Amino acid sequence: KEKPKDKKSEEKQNCEPTKNSVLKISSGPDDAIGLNGICNNASVPTSTSEMPDYFLKYKAISSQEQRQSYKNDFNAEYNEYRDLHARIEQITHRFTQLDSQLKKLSLGTDEYKTIHDQILQEYRKIKKSHPLYSQEKNRCEYLHNKLAHIKKLIAEYDQQHVQSWH
């Protein structure tokens, strides 16, 4: 499942969403398509029996009408993804800061214990104030992967047609 490591298709798969993450889809083969979203591997299937539903629904594109349908589906869920992503990022920002501090400290020191306790305290606060955080995070990761899959299929279709036009 390795992807080519070019600027258009590179995805980061093992950290939380970032502040400036954006999924964008083009309206034509000459437009830039960018994916700077980040998620972790929790929503990547570990076996074929866990294959996400969108792999079955969204196959290689064979017509301009099918491309437009995929683009419409992408656009229909993109705003939900962005809203969820913004909420997730806001919540995880504090954990990222504390984790960064923790990594600079030696295990077993008083400073390490203080930061570790702060992380646990923040976690408890989040569980109380955002009880659906885990579900929202999973949904965000699912949408990220689904939208990236659709975007990839559109980009492949566009690339094939750009080559056939020249």
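## A friendly tour of an all-helix chain

Let us start on the outside: Met 51, Phe 55 and Leu 56 make up a nonpolar patch on the surface, and together they have about 280 Å² of accessible area. Phe 55 sits in helix 1, which covers residues 53-57. Is Phe 55 buried, partly exposed or exposed? Its relative accessible area is 31%, so Phe 55 counts as partly exposed. Phe 55 also belongs to a cluster, in which ring pairs link it with Tyr 54 and Tyr 142. Please keep in mind throughout that this is a predicted model.

**The overall picture**

Stepping back, the chain contains four helices and zero strands. Read from the N terminus, its elements follow the order α-α-α-α. The chain has 166 residues, and 34% of them are buried. Its accessible surface is about 11,100 Å², with 51% of that belonging to carbon and sulfur atoms.

**Inside the chain**

In soluble globular proteins, nonpolar side chains tend to be buried together. In this model, the largest nonpolar core has 19 residues, and Tyr 58, Ile 61, Tyr 70, Tyr 81 and Ile 150 are those with the most contacts inside it. Helix 2 and helix 4 (133-165) each contribute at least two residues to this core. Which helix gives the most? That is helix 4, with eight residues.

Leaving aside residues up to four places away in sequence, Tyr 70 touches Lys 57, Tyr 58, Lys 59, Ile 61, Ile 150, Leu 153 and Ile 154.

**Rings that pair up**

How many aromatic pairs does a search of the whole structure find? The search finds four. A pair of aromatic rings is described by the distance of the centres and the angle of the planes. Two of the pairs are set out here.

| Pair | Arrangement | Centre to centre | Between the planes |
|---|---|---|---|
| Tyr 58 and Tyr 70 | edge-to-face | 4.9 Å | 85° |
| Phe 74 and Tyr 78 | stacked | 5.6 Å | 20° |

Tyr 58 and Tyr 70 are both buried.

Phe 74 and Tyr 78 are buried as well. Why are these two separated by about one helical turn? Because they are four residues apart in helix 2.

**One more stop on helix 2**

Asn 75 also lies in helix 2, which spans residues 64-103. With a relative accessible area of 37%, Asn 75 is partly exposed. Where does Asn 75 stand relative to Leu 147? Along the chain, Asn 75 and Leu 147 are 72 residues apart, and their C-alpha atoms are separated by 9.0 Å.

Key. Residues are numbered from 1 along each chain as its sequence is written. This is a predicted model: local features need pLDDT of at least 70, side-chain atom pairs count only at pLDDT 80 or more; totals for chains, interfaces and linings use all residues. Side-chain values use heavy atoms; hydrogens and water are left out. Buried means under 20% relative accessible area, exposed over 50%, partly exposed in between (1.4 Å probe, protein chains only). Accessible areas come from the Shrake-Rupley method with a 1.4 Å probe; for residues, only the protein chains shown count as cover. A nonpolar core is a set of buried Ala, Val, Leu, Ile, Met, Phe, Trp, Tyr and Cys residues joined through side-chain atoms within 4.5 Å. Contact means heavy atoms within 4.5 Å. Patches are made of residues with over 30% relative accessible area and no salt bridge: like charges are joined within 9 Å, nonpolar side chains (Val, Leu, Ile, Met, Phe, Trp, Tyr) within 5 Å. A salt bridge is a side-chain nitrogen of Lys or Arg within 4 Å of a carboxyl oxygen of Asp or Glu. Rings of Phe, Tyr and Trp (its six-membered ring) pair if their centres lie within 6.5 Å; planes under 30 degrees apart count as stacked, over 60 as edge-to-face and the rest as tilted.
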